Structure formats: structure tokens, C-alpha cells
Amino acid sequence: MQLRDYQQQAVDATIQFFQKNTATAVVVLPTGAGKSLVIAELARQARGRVLVLTHVKELVAQNAEKVAALTDRASIFAAGLQQKDSSAKTVVASVQSAANNLTAFTAPFSLLIIDECHRVSNDANSQYQQLFQHLRQLNPSLKVLGLTATPYRLGSGWIYRQHYHGRIGNTNNPVFEHCIFELPLRPLIKKGYLTPPRLYDGLTAQYDFSQLSPTTNGDYAEKEVNSLLGKMGRATRLIIQQLIGLAQQRKGIIIFAATVKHAEEVMQLLSSESAALLTANTPDQERDELIRRFKAQQLKFLVNVSVLTTGFDAPHVDLIAILRPTASVSLFQQMVGRGLRLAPGKTECLIIDYAANGYDLYFPEIGQPKPNSKAVPVQVPCPLCGFANIFWGLTDSDGDIIEHYGRRCQGLQADQHSQCDFRFRSRSCPDCGAENDIAARSCHNCQSVLVDPDKRLREVLNQQHHHLFRCQSMQLSDDNGDVKVSYYDIDGNPFYRWFKVQTPQQCRALYAAFIKPHSKAPGIPIPPFNNASELVALAAYFRPPELILLKKQKQGWQHLESFFDYQGRYQHFTG
């Protein structure tokens with residue numbers, strides 16, 4: 001069996017890395033790229049014993065099959081497959097079975113490979129970490145490799161510390177140290193290794209989940225989703241009617257429902273079709289039988305709630321209907337990936353996003369949740385090191401960046417061990433002046449405790465003659481050659497600031513007090529201006545603060561501090 005070029009490149013990158021390093025590593029390959037063959041080839045070339053871990057029995061069986069195709073037969077250790085053998089040179093196991101039977105793993109392994117490694121957490125009590133600790137006691141020099149299509153977890157960020165392209169990942173105790181190989185989706189499609197997707201928003205109807213807020217793991221509260229969907233019954237009927245019509249020209253349709261109640265409603269509307277429902281509560285034997293019938297094309301529709309995102313392989317699937325919201329690009333890509341495998345006669349896969357998630361399949365993770373539905377990935381060069389950062393942002397009709405949400409440059413410094421110091425948005429330390437992340441609680445330079453914005457506001461507002469101005473909008477105007485900034489609160493009450501622009505010193509003061517903190521796209525220079533009217537013409541480049549702290553003076557209100565990117569108890573303050 002011949003490996004594809006990129007599969008061999010992934011294998012070579014792994015071998016070269018572990019010849020020089022003992023740190024943990026990650027290989028990123030899109031869904032359908034054939035991670036099982038990469039695993040099998042690494043197992044074939046390994047000099048010592050190899051343990052391959054994954055979380056579902058389907059992937060255990062798939063990985064064991066590929067190992068047997070390239071080298072000696074692997075042992076399978078998975079209760080779900082009714083096999084518990086750990087004697088072979090290569091063992092393919094479910095993490096649940098292995099972690100619950102540590103005494104069956106007494107001979108050391110030289111290489112540990114974790115499939116779908118984005119599921120690994122740093123929780124010391126997790127099954128993965130308990131097993132890792134046991135294996136390292138047997139061999140402190142154990143090499144650890146993770147493979148995934150989606151190397152990011154909402155709530156904790158990138159699963160690796162740094163990327164071989166010179167990008168910082170997660171500096172806050174990541175599970176893996178290095179991403180050593182990554183392949184985007186587009187080359188696989190272009191070379192004919194995956195089926196081209198055709199992605200559409202809802203064609204006849206669409207759910208509006210925009211008023212809901214996701215949890216840190218990218219999910220939405222089931223009660224809130226059900227309440228919202230209860231008001232959208234007509235949309236569900238129209239969506240299913242459309243899918244039934246499209247199914248006439250399709251071989252296999254997977255529907256991702258938002259909740260169990262929602263899935264049951266979908267099944268009622270599919271009552272005249274050959275359809276089945278899978279949820280986390282579906283018994284294993286029934287689940288296996290339904291999946292078998294679907295793969296045999298005895299069922300046209302497979303409706304599911306969060307159970308077919310990984311470890312499921314039905315190449316004939318040519319329509320993916322997404323009826324659930326998600327704040328996770330990873331989860332969205334995993335759902336779509338169910339339809340991108342090649343099959344005879346299959347020329348494309350139709351992807352319909354009825355939940356208006358709005359993700360671009362061809363862009364990688366950005367490193368943070370999507371801030372709003374209109375945000376797109378934008379490239380922002382660092383003014384200090386030149387690294388091309390990818391952040392969420394907004395663009396105009398010409399594709400020019402009008403706003404971005406990046407905080408710090410993700411580039412590595414020349415020594416390749418530390419992160420670039422440039423911060424697009426920052427919080428200054430009052431003691432040493434160092435710039436810190438806007439959410440930092442202590443200064444990274446002098447370790448001084450940074451005053452919590454809420455604490456500062458509470459202390460100041462307890463004093464007399466102070467006012468918290470909740471800013472709703474902002475306007476710029478030319479006031480006899482000076483720049484006049486007019487802030488308006490929710491009731492339309494104004495607060496004004498003036499800036500002179502006649503001398504270089506005045507322009508520098510303008511930059512520090514207004515241009516830098518108000519910039520929608522910090523780090524990207526605004527067009528040059530020579531006077532107040534030219535700066536007023538650039539008003540679209542600036543954003544208003546959320547809050548402005550004012551102090552009463554004889555001449556009127558004095559500006560003390562503006563609060564940007566603020567989220568706290570005074571966010572809706574009206575006093």
C-alpha cells in the first residue's frame with residue numbers, strides 16, 4: 001500500500017522531530033486525509049513497541065486494520081470490540097479500556113500515538129493523563145505524538161505551544177509542545193483526495209440563533225435552544241421539506257440536530273422517509289445496526305445529536321445538513337468532514353448551514369471564538385516583527401480590513417523560543433508602564449497586581465463628583481482647526497473632547513490619547529492626515545469606548561479614563 005505524498009511527509013516530519021527531541025508533538029491532517037495510514041506507517045518503522053489510543057471503537061478497528069495492511073497485525077484492546085490483547089508490538093486501544101486496565105500494560109512502549117488528540121485535556125484525573133503517567137513510569141523517554149484535524153479546544157485554546165511555521169499557539173500549559181506538520185483542506189480537494197464541498201446558508205429557511213450566547217465549550221444551553229426552536233416550527237418544516245426534495249438526487253444525508261427534542265421533531269417530519277435517529281442514549285447494539293444499514297444505503301437519512309462528528313466513516317454521504325449552532329470552528333469542520341470522503345460516482349458534497357454559523361471551511365482556527373457573525377479571518381502583519389497574524393476581523397466591500405480583534409502578535413522571536421512582545425491591544429501597568437494583555441490580573445514585567453476595572457470604578461464612584469458615562473456612539477468633527485470628539489450616551493447626552501493637530505507634539509499627544517486606544521484595527525496604520533478635516537474623514541477607522549470615567553470640575557466634566565473591551569458589572573451602568 002503506497003502512502004500519498006503528504007502522508008509520507010507527515011511520517012518523515014515525525015521521525016525527524018523525534019530523532020532530535022523528546023517533547024510531545026502534533027500532526028494536523030484534515031478529516032478524510034488518511035491519518036490511519038500515517039499511524040500505520042509510523043508503527044511499521046518504529047523500533048520499539050507502539051500504543052495507539054483513540055476514544056471510539058470505530059477508530060480502534062480502523063487503525064488496527066491499517067496497521068495490519070502495512071506491517072504485522074496489531075493487538076486490539078477495546079471492550080467495545082470484545083478484545084483485550086496488549087501483547088503485540090503495536091497495540092491499538094480505546095482510552096477507556098486502557099485506563100481502566102493499567103495492569104494489562106506492564107511492558108514499556110517507545111511511542112504513544114493519540115488519534116483525535118484534541119480530546120486530551122490537562123486534567124490530572126482524566127483517563128488520558130492517568131494512562132500517560134503510567135506509561136511514562138514504564139519508560140520516561142516515551143515519545144508522544146497526537147494526530148487531529150482540529151487542534152483547538154474552546155475554553156483552553158490551541159492544544160500545542162508553538163507551530164513549525166513560527167507561530168505561538170497556547171502558552172498556558174498546553175497538552176502538546178510542538179505542531180510539527182499541518183496540511184490545509186484546499187490542497188487535498190485540489191489534488192482529488194477529498195470530495196469538493198458546496199457550502200450554502202439555508203436555502204429556503206434558516207434558524208436565527210444570534211440572540212443565544214455559547215458556553216466556553218462552544219455549545220448552547222439545551223433549554224434555551226429548545227425554547228428558541230419552539231418558536232421556529234415553520235422553519236423546521238420548510239427545512240425538512242427542502243431536504244426531502246434534495247434527497248431525490250442524493251445517496252446519503254446526515255442531519256445534525258441541535259437537541260434531542262429537536263431531532264425527534266425532525267424525525268416526525270421525516271416519517272415518510274427511510275430515516276434513523278442516533279443520540280448519546282441510543283444503545284450500542286442499536287447504534288451499530290443503524291449505522292450498518294445507513295452505510296449499506298438501506299437508510300437515506302441519519303439524524304443525530306452530537307454523536308457523528310468523529311469516528312464515523314460513510315463515504316457515500318453527499319449531503320450534510322447543519323441544523324445546530326456552534327461557536328467552535330473545529331466542530332463545524334468535523335461535521336462537514338463526514339461528507340468529504342471519496343466514493344464511486346460522487347462528484348461533490350452539498351453542505352447546507354441552516355444555523356447560519358458562517359464559517360469558511362478553508363481557513364484554519366483563529367485561536368479564539370468568533371466574536372460576531374460577521375467576523376472573517378483577516379491577515380494582520382506585526383509592526384514589530386512582520387509576522388502575518390490571522391485574527392478575526394471585519395472587512396469592507398473591497399476586502400480591506402476595517403477592524404480586527406487580535407490582542408498580541410502570535411509570531412515567534414528570532415530565537416524561536418519566545419513570543420513577539422508586540423500587543424495590538426494592551427493594558428498598561430501603572431507601576432512600570434509595561435504593556436499587558438487586556439485581561440491580565442498581574443503585570444508580566446514587575447508582577448504588580450493590576451487593579452481590576454470593576455474595583456477601580458467602584459472605588460472612584462463612591463467618591464463625590466464622579467460620573468460613569470456609558471458611551472453609545474461617537475462622532476468626529478472639525479472645530480476651527482481642532483479635532484472635536486463627541487461621545488453620546490444612551491439618552492443622547494453628549495461629552496466632548498478636543499485635540500489640536502497643529503504641531504508634531506500635538507499630533508503625538510493625539511495619537512497616544514485618541515488614535516491608538518480608539519483604533520478598530522491597531523497595528524495597521526491609518527492613512528496620513530495633515531489637518532483636522534482630513535482626520536475627521538477617517539472617522540470609520542475608530543471605535544468608541546464602552547465606558548468613560550468623568551470627574552466634575554469647575555469648567556465642566558474632565559476625562560479621567562476610557563474603558564475599551566470592557567466586560568464587567570458596570571457594562572449596563574446607567575447612573
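**Close-up 1. Arg425 and its salt-bridge partner, Asp565.** Arg425 is buried in this predicted model, at 7% relative accessibility (buried means under 20% relative accessible area, exposed over 50%, and partly exposed in between, with a 1.4 Å probe and protein chains only). Its side chain meets that of Asp565 in a salt bridge, 3.9 Å from N to O (a salt bridge is a side-chain nitrogen of Lys or Arg within 4 Å of a carboxyl oxygen of Asp or Glu). Asp565 lies in the segment after strand 28 (556-563) and Arg425 in the loop between strand 21 and strand 22, so the pair ties together parts that are 140 residues apart in sequence. Asp565 itself counts as partly exposed, at 35% relative accessibility. Helices (H or I, at least four residues) and strands (E, at least two) are DSSP runs, numbered from the N terminus.

**Close-up 2. Lys500 and Asp482.** Here is another salt bridge, with the closest N and O atoms of Lys500 and Asp482 3.2 Å apart. Lys500 sits in the loop between strand 26 (494-499) and helix 13 (504-518), while Asp482 belongs to strand 25 (residues 482-489). Lys500 is partly exposed, with a relative accessible area of 44%, whereas Asp482 is buried at 14%.

Close-up 3. Take a moment to follow 6 strands in the order 13-18-17-14-16-15, paired in parallel (two strands pair if DSSP finds at least two bridges between them). Strand 13 (197-201) and strand 15 (275-278) stand at the edges with a single partner strand each, so one side of each has no neighbour in the sheet. Strand 14 and strand 17 pair over 4 bridges, and Ile253 has Leu319 in strand 17 as its bridge partner.

**Close-up 4. Asp318 in its loop.** You will find Asp318 between strand 16 (301-304) and strand 17 (319-322), and at 8% relative accessibility this residue counts as buried. Not counting residues up to four places away in sequence, Asp318 touches several residues, including Arg250, Lys251 and Glu348 (contact means heavy atoms within 4.5 Å). The side chain of Asp318 reaches the backbone nitrogen of Lys251 at 3.0 Å.

**Reading the views.** Residues are numbered from 1 along each chain as its sequence is written, and side-chain values use heavy atoms, leaving out hydrogens and water. In this predicted model, local features need pLDDT of at least 70 and side-chain atom pairs count only at pLDDT 80 or more, while totals for chains, interfaces and linings use all residues.

Terms used
Polar contact = N/O pair within 3.5 Å; in protein donor to acceptor, adjacent residues only side chain to side chain.
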